[in-house]
Amino acid sequence: MFAHDDHTAVAVSGGKDSLTLLTLLVKMEQRFPNSKITAVSVDEGIEGYRDEALQIASDTCRKLKVKHHIVSYKELFGVTTDMIVEEHLGKTPCSYCGVLRRKAINKAAAKIGATKIATAHNLDDEVQTVLLNMLHGDPMRIIRSGPVLQDVRGRFITRVKPFCDIPEKEIVLYAYLVGLEFQSVACPHGNQALRNDIRSFLNQMEQKHAGTKFTLQKTAEKLREQLSTTIHPLELRDCEKCGDPTPHRLCEACIMLESIGPQPLVDSLTAAFI
Ligand SMILES: [Zn+2]
């Protein structure tokens, strides 16, 4: 996942997974003098939730002597998650937030000159996503959600998930054992009914049939290997609105932003990244 001279942007939310990942990568990095780590956080604009998490993330970065770079939806996209929820009731904020957060992290990583993006998705997250994609009838997405996402054309910064084989319980245990401070309250908008059902189902299966999650992860890996040999990478062009690479006229984030009303997207993006 890493090269000895990588500049890794670690996506840090302030939760247990991302702060554990940051702590461990900083430890490992000390053995590689040519490598560099910067923590990147996204302020989605969720009042009474994100502020606390960002504070915890900043405090941890200070302790670990890691640079902390924060970007916000407001500055990048002209909207906040609170605004999307308030003005567009009925839409699932998590799906918007996921797409926008990914774009925000990409932008932040590009700005600081990172060569890798590391996210703290754990084994539980990964296998839940595999089942979600199947239940959504979107098996091709399984290819695009693996432990290492590399764009052969080099238009995206490679994303890695070092915790993809680590069960959530073990991460929690580590965080408690080393006394990490982390945000434990859940997002007030988080209500992914289907993912919650899948989480309970997988936990029940794991309880009754130990190893279920690892098996499912291995199955997904085999599917990825097979599918990737038969599928050609999509032809990419520049998004007409923001210039990011996309197979369509507009990228996923711009399509979403258009659907929730006019935003000064180009101006805010230009202003934020000049
Ligand atoms: Zn776009």
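Here are a few notes on a zinc site, a helix and a helix pair in this predicted model.

1. Ground rules: local features need pLDDT of at least 70 and side-chain atom pairs count only at pLDDT 80 or more, while totals for chains, interfaces and linings use all residues. Residues are numbered from 1 along each chain as its sequence is written, and side-chain values use heavy atoms, with hydrogens and water left out.

2. Start with the zinc ion, which is held at 2.3 Å by the SG atoms of Cys239, Cys242, Cys251 and Cys254 (donors are N, O and S atoms within 2.8 Å of the metal, or 3.2 Å for Na, K and Ca). The spacing of these donor residues in sequence is C-x2-C-x8-C-x2-C. Cys239 sits in the loop between strands E7 (237–238) and E8 (245–246), and Cys251 in the loop between E8 and helix H10 (252–259), so the pair ties together parts 12 residues apart in sequence. Helices (H or I, at least four residues) and strands (E, at least two) are DSSP runs.

3. What angles do the four donor atoms around the zinc ion subtend? They run from 103 to 118°, which makes the arrangement tetrahedral (all angles between 85 and 135 degrees).

4. Cys239 is buried, at 4% relative accessible area, and Cys251 is buried too, at 6% (buried means under 20%, with a 1.4 Å probe and protein chains only).

5. Now helix H5 (residues 93–111): its 19 residues should span 27 Å at 1.5 Å a residue, and the end C-alpha atoms are 26 Å apart, which agrees (the expected span is 1.5 Å times one less than the number of residues). Its buried residues include Tyr96, Leu100 and Ile105. Just after H5, Gly113 has a positive phi of about 75°.

Note on methods:
Buried < 20%, exposed > 50% of the residue type's maximum accessible area, 1.4 Å probe, protein only. Tetrahedral: all angles 85-135°; square planar, octahedral: opposite > 155°, others 65-115°.
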